[in-house]
Amino acid sequence: MNPRKKIIAANWKMNLTSSEVQPYLETFLLEVNHIDGVDVILIPSFTSIPKASELLEKNPKVRLGAQNFSAHDKGAFTGEVSARMLRDLFVRYVLVGHSERRQHFGETDQIVHQKLRMAHRSEFRPILCVGETQEERKAGKAKQVLEHQLKTALADSSPEDFANTIIAYEPIWAIGTGCTATAEQASEMHHFIREMIKSLASKEVAAKIRLIYGGSVTPANACELLKSPDIDGALVGGASLDPRAFAEIVKAGCSAAVEVRS
Ligand code: PGA
């Protein structure tokens, strides 16, 4: 039996305003009311977090995440948001090392490592994003790239830190392109990551750690991807902006979980 609960996370990126949170949640929660057995995480922009936090306060079904935070505790870092500020709003998950942060905001492997340390120190559950570019895949270097990203990000992590981390495999060529990895391609990479965790941490941690897939997940392809026992969930960008589409993906996660368990 697969002991890992599926995670379905919505990464809104720089979309949807604070006033759009309530109508979104009303529609979404109505759709997923009867659903159980899946961890649903909503990751809005910073300005939408307070509203989402207020509306979800009494709803254990949906947890809140942030798209980023500072590697520093506090102080003279104009424009930054700290882990402590987010904890205050009941945010418990954080994306670390999303490829858009690496590409557009100069986040190096070293910064990703520091943010991961901050997440563990502040008792957040980090969703560590890793993935290769199209060129790297074509050159046969995809696994090498993942290995490097994982080793640098997770350096000095304790067994508890490993077990607390969620890893999102997000091939850059699949993000926002409509070009999803096939279930076989994603499973192969997830299997590779799990083997790496075995050698970096232990067999027990590798069996427990959750590895989710991101990159053009939609209601149309979610079932196929989530059916794979190696894929413990999805990180959804574009399709999560529509509450009904996101609810469909949550439902796919739920039926896949039942199938994988039986
Ligand atoms: P996408 O984004 O679903 O729009 O491809 C996924 C992500 O970047 O997390």
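Predicted model: local features only at pLDDT ≥ 70, side-chain atom pairs only at ≥ 80, totals over all residues.
Figure 1. Gly140 sits in the loop that runs between helix 6 (134–138) and helix 7. A second residue, Ile127, gives a sense of distance. Gly140 and Ile127 are 13 residues apart along the chain. Their C-alpha atoms are separated by 26 Å.

Figure 2. Leu95 belongs to strand 4, which covers residues 93–96. Is Leu95 buried or exposed? Leu95 counts as buried, because its relative accessibility is 3% and buried means under 20%. Which residues does Leu95 touch, leaving aside neighbours within four places in sequence? Its contacts are Asn11, Ile43, Ala66, Gln67, Asn68, Ile127, Cys129 and Leu235. The C-alpha atoms of Leu95 and Arg125 are separated by 8.8 Å. Along the chain, Leu95 and Arg125 are 30 residues apart.

**Figure 3. The largest pocket.** This pocket holds about 420 Å³ of space. Its lining is made of 16 residues. Which of them lie nearest the centre? They are Lys13, Met14, Gln67, Arg101 and Phe105. Gln67 is also one of the contacts of Leu95. Helix 4 (residues 99–104) gives the most to the lining, with three residues. By type, the lining residues divide into five nonpolar, seven polar and four charged.

**Figure 4. The second largest pocket.** The volume here is about 220 Å³. This pocket is lined by 16 residues. Nearest its centre lie Arg102, Gly131, Glu136, Gln149 and Ile172. Which elements give two or more residues to this lining? They are helix 4, strand 5 (125–130) and helix 7 (142–153). The lining residues of the second largest pocket divide into four nonpolar, eight polar and four charged.

**Figure 5. Two residues with positive phi.** Lys13 is not a glycine, yet its phi is positive, at about 50°. Lys13 lies in the loop between strand 1 (6–11) and helix 1 (21–32). Lys13 is also among the residues nearest the centre of the largest pocket. Ser216 has a phi near 55°, again a positive value in a residue other than glycine. Where is Ser216 found? Its place is the loop between strand 7 (210–214) and helix 11 (219–227). Ser216 is buried, because its relative accessible area is 16% and the cut-off is under 20%.

**Figure 6. The whole chain, for orientation.** The protein has twelve helices and eight strands. Along the principal axes, its C-alpha trace spans about 50 × 45 × 35 Å. How does the radius of gyration fit a compact globule? A compact globule of 262 residues would have a radius of gyration near 18 Å, and the protein has 17 Å, so the two agree. Of the 262 residues, 52% count as buried. Contacts with a separation of 6 or more also tell how the chain folds back on itself: 74% of them join residues 24 or more positions apart. The accessible surface comes to about 12,000 Å². Carbon and sulfur atoms hold 53% of that surface.

How values were computed. Residues numbered from 1 in each chain as written. Heavy atoms only, no water. 1 Å grid on protein atoms, 1.4 Å probe; cavity = no way out; pocket = protein on both sides within 12 Å on 5 of 7 lines; lining within 4 Å. Points joined across faces, edges and corners; volume = space filled by probe spheres on them. Helix = DSSP H or I, 4+ residues; strand = E, 2+ residues; numbered from the N terminus. Nonpolar A, V, L, I, M, F, W, Y, C, P; charged D, E, K, R; others polar. Rg over C-alpha atoms; globule rule 2.2 N^0.38 Å. Buried < 20%, exposed > 50% of the residue type's maximum accessible area, 1.4 Å probe, protein only. Contact = heavy atoms within 4.5 Å. Areas by Shrake-Rupley, 256 points an atom, 1.4 Å probe, with all protein chains shown as cover.
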